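I opened this notebook to record what I looked up in one structure.

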Amino acid sequence: MNKLVFEKHVKGSNSFTLPPCDISEESVSQCIPELFLRREDTALPELSEVEAVRHFTNLSKRAYGVDNGFYPLGSCTMKYSPKINEWAARLPGLAGLHPYQPEDTVQGALQLYYEMQEMLSEITGMDGFSLQPAAGAHGEMTGIMAIKAYHQHRQDNKRTKMMVPDSAHGTNPATANVVGYDVIEVKSNQRGLVDLDDLRAKMNDEIAGLMLTNPNTLGLFEEDIREIAAIVHDGGGLLYYDGANLNGIVGVARPGDMGFDVVHVNLHKTFSTPHGGGGPGSGPVGVKSILLDFLPIPLVIKKGDQYEFDYERPLSIGKVRNFYGNFGVIVKAYAYIKSLGGTGLKEACEHAVLNANYLRHQLREDYNIAMDVLCKHEFVINSKKQAANGITTMDIAKRLIDYGYHPPTVYFPMIVSEAMMIEPTETESKDRLDEFVQTMHNIAEEAANDPDLVIHAPHNAVIKRVDEVTAARKPIVKWER
Ligand SMILES: Cc1ncc(COP(=O)(O)O)c(C=O)c1O
């Protein structure tokens with residue numbers, strides 16, 4: 001039943017007719033060095049057409065996406081991807097372009113690219129944007145490289161440390177480390193916000209900056225953000241905005257106005273492009289004017305009514321990706337921003353916040369809420385009320401699979417024990433939220449009356465409990481005969 005396509009192979013079953021090859025063997029050997037010419041057939045499985053179609057159709061039914069149902073994966077903003085985005089990205093004049101085409105033949109694409117740089121600057125309050133990075137984490141790396149280049153250009157070489165709050169996503173300390181900084185952790189206070197005293201105590205002339213997510217990973221707005229910015233700037237550091245949670249403030253507040261110097265935005269979160277199986281994503285990076293010179297090359301600029309790539313940027317950190325970024329993803333996000341407009345983006349944000357607060361209220365009878373105060377687009381619960389019956393957050397998450405849900409993010413943020421992070425997004429209706437509340441209520445009742453049912457979940461999934469550590473550390477991703 002769970003056979004791999006290779007195990008379904010039946011020799012001779014894939015009878016097909018290919019059109020005659022119009023390239024001679026001689027010209028192939030002229031173009032491809034001898035060394036790379038294949039001598040044997042590749043070991044591809046042979047299946048009849050109907051078996052191949054069934055295989056892939058059945059596989060597709062096992063995948064769970066936001067087009068199947070509710071996907072409240074905290075910190076990931078799994079909002080619906082409007083199909084108009086796909087239409088735009090498939091327009092032949094955009095999808096059929098080649099990155100090596102001369103600039104005068106791709107003016108429309110360059111205009112779109114330029115306008116996207118401008119729109120993201122407007123939305124975030126920055127002075128310029130690079131659309132090159134391919135994901136949020138890649139954007140972080142680009143932004144922190146720009147900060148490093150800035151300090152080095154000023155000969156301020158003493159700054160070898162980057163501050164990161166204890167509530168941060170793992171990519172933040174990882175990024176700081178990859179770019180060559182030592183990580184200094186800043187504590188959260190009782191209210192789940194940056195502890196100002198700790199920040200003040202740790203700020204000194206060895207600190208290059210602070211990476212901050214706002215709203216933070218508890219879904220809480222850092223209300224002392226101006227004070228935080230002043231502490232970092234007065235100490236000579238720069239403030240980095242991790243834009244993974246931009247959906248909680250987009251159209252309402254701008255990181256640039258709060259004092260942030262660099263931001264990344266995840267187009268596959270706030271701007272509705274699909275997350276895909278790990279990609280392709282897009283994590284554009286925006287900066288204030290003091291950092292403009294350090295952005296990756298090329299940027300798209302406008303001269304008169306012509307658009308062109310600008311490579312004349314001697315202080316640039318260089319390229320962080322081949323060509324110009326994931327262009328198709330940029331087109332999808334462009335379509336989203338244009339179709340919503342400023343008012344639509346603000347409305348989307350307000351609904352995301354309303355939905356999160358509605359769920360928080362509805363779940364508080366059955367579950368412990370980590371910080372039971374007004375949140376932005378997400379909030380964190382845990383299994384404290386169920387712990388006496390031996391139930392963990394993982395059990396609740398697994399039981400949700402039986403009810404047909406993709407479970408929320410679990411065991412993050414790490415400052416909350418047994419955390420479950422719920423982000424409904426604005427694209428869910430009240431009916432859908434109420435169904436989820438009812439399901440969570442059912443699970444709480446099961447946990448109280450029949451704990452084994454929850455502890456041994458999932459019962460309906462193809463794969464039951466897996467050894468998560470082995471699956472993460474030693475994944476078997478290759479079929480071998
Ligand atoms: C707070 C936060 N920062 C950074 C990232 C990294 O973004 P990406 O997955 O696009 O690399 C994530 C991803 O979920 C996140 O939640």
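A crossing is left-handed if the near helix is turned anticlockwise from the far one by less than a right angle, and right-handed if clockwise. I note that this is a predicted model, in which local features need pLDDT of at least 70, side-chain atom pairs count only at pLDDT 80 or more, and totals for chains, interfaces and linings use all residues. Residues are numbered from 1 along each chain as its sequence is written.

Helices (H or I, at least four residues) and strands (E, at least two) are DSSP runs, numbered from the N terminus. I looked up the geometry of the pair: the axes of α5 (residues 107-124) and α11 (residues 327-363) come within 10 Å and cross at roughly 60 degrees. Axes are lines fitted to C-alpha atoms, for helices over the stretch in contact, and angles run from 0 to 180 degrees between N-to-C directions. The two helices are therefore oblique to each other; angles under 35 degrees count as roughly parallel, over 145 as roughly antiparallel, 65 to 115 as roughly perpendicular and the rest as oblique.

I then listed the contact, in which Leu112, Tyr113, Met116 and Met119 of α5 meet Ile330, Val331, Tyr334 and Ile337 of α11. Residues are in contact if their C-beta atoms, placed from the backbone, lie within 7 Å. By class, this contact holds eight nonpolar, no polar and no charged residues. Ala, Val, Leu, Ile, Met, Phe, Trp, Tyr, Cys and Pro count as nonpolar, Asp, Glu, Lys and Arg as charged, and the others, Gly among them, as polar.

Next I took α6 (residues 136-153) and α7 (residues 171-178), whose axes come within 9 Å and cross at roughly 40 degrees. Their crossing is right-handed. In the contact, Gly136, Ala137, Glu140, Met141 and Ile144 of α6 meet Thr171, Asn172, Thr175, Ala176 and Val178 of α7. I count five nonpolar, four polar and one charged residue there.

**Domains**

I recorded domain 1 (1-62), domain 2 (84-340) and domain 3 (344-473), with bounds from an automatic or database domain assignment. The contact between domain 2 and domain 3 takes 19 residues from domain 2 and 18 residues from domain 3.

Conventions. Contact = placed C-beta atoms within 7 Å.
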